[in-house]
Amino acid sequence: MRKEQHHKGWNEIKTNDSWAIFKIMGEFVMGFEKMGSIGPCVSIFGSARTKVGDKYYELAVSIAESIANAGYGVITGGGPGIMEAGNKGAHLAGGTSVGLNIDLPFEQHDNPYIDSDKSLDFDYFFVRKVMFVKYSQGFVVMPGGFGTLDELFEAITLIQTNKIEKFPIILVGSEFWTGLMDWVKNTMLEMKTISAHDLDLIKIADTEDEVVDIIDAFYKGRNLSPNF
């Protein structure tokens, strides 16, 4: 006999939502307290599906090492693939290695290169995204999927609308990103859905030296601080 699906009524939804507020608040408090004491960091994003030995995995390791050697901590989403590579590079350089983990039914699991006292677990994507944006002095965006694009375009939007301080956004891998940026320029800009100066928010790089040079040039004469 088929089990009838239970549909929540408005009162049940309202009650559940009210209790969820406390869990959300708890994640914000935990995140602010831990991230606020870590210091300047750069976030590295990219596909969780990128394997060890892939050129972008190895490049992410090198970039993270260079970032750590330049005096910044490295923040990733805490999982496998490019996230693991980012934490690995920071770990190899003896730098700060932070993982903002999210509970997912597939792909996501903690990687072994996160500092033991800097692994944070989140149930809510939006709380986790606040931590990335608030405490990152720059975004390094490796080739990735929808989640990577989500983080990229949210950061651009928040900077564009002056909701957060400007910070460098670096797309790594010209062969991967050129098609997207050509579409942005030839379609979005042509249709005037963005302004020409919005493109100044984004840089493309192919090496670890280029990434660090962009970050260093941006912060020459600027203070390092949380973005809002």
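Helices (H or I, at least four residues) and strands (E, at least two) are DSSP runs, numbered from the N terminus. One of them is helix α2 (residues 55-69), in which Asn 69 lies. The model is a predicted one, where local features need pLDDT of at least 70, side-chain atom pairs count only at pLDDT 80 or more, and totals for chains, interfaces and linings use all residues. Residues are numbered from 1 along each chain as its sequence is written, and side-chain values use heavy atoms, with hydrogens and water left out.

The overall fold comes next. The protein contains seven helices and seven strands, and from the N terminus on they follow the order α-β-α-β-α-β-β-α-β-α-β-α-β-α. Along its principal axes, the C-alpha trace spans about 60 × 45 × 40 Å. The radius of gyration, taken over C-alpha atoms, can be set against a globule rule of 2.2 Å times the number of residues to the power 0.38. For 228 residues a compact globule would have a value near 17 Å, and the protein, at 19 Å, agrees with this.

Burial is judged by relative accessible area: under 20% is buried, over 50% is exposed, and in between is partly exposed (1.4 Å probe, protein chains only). Buried residues make up 44% of the 228 residues. Asn 69 is exposed, because its relative accessible area is 60%. Helix α4, by contrast, is mostly covered, with eight of its 11 residues buried. Among them are Met 131, Phe 132, Lys 134 and Tyr 135.

Rings of Phe, Tyr and Trp (its six-membered ring) pair if their centres lie within 6.5 Å; planes under 30 degrees apart count as stacked, over 60 as edge-to-face and the rest as tilted. Nine aromatic pairs are found by this rule. Phe 32 and Tyr 135 form an edge-to-face pair, because their ring centres are 6.5 Å apart and their planes stand at 65 degrees. This pair links distant parts of the chain, since Phe 32 belongs to helix α1 (residues 10-35) and Tyr 135 to helix α4 (residues 125-135), 103 residues apart. Phe 32 is partly exposed at 33% relative accessible area, whereas Tyr 135 is buried at 9%. Tyr 124 and Phe 126 make a tilted pair, with 5.5 Å centre to centre and 50 degrees between the planes. Ring pairs also join Phe 45, Phe 132, Phe 139 and Phe 167 into a cluster.

Charges meet rings as well. A charge sits over a ring if NZ of Lys or CZ of Arg is within 6 Å of the ring centre and within 35 degrees of the ring normal. The charged end of Lys 134 sits over the ring of Phe 228, 4.6 Å from its centre. Arg 222 lies over the face of Phe 218, 3.9 Å from the ring centre.
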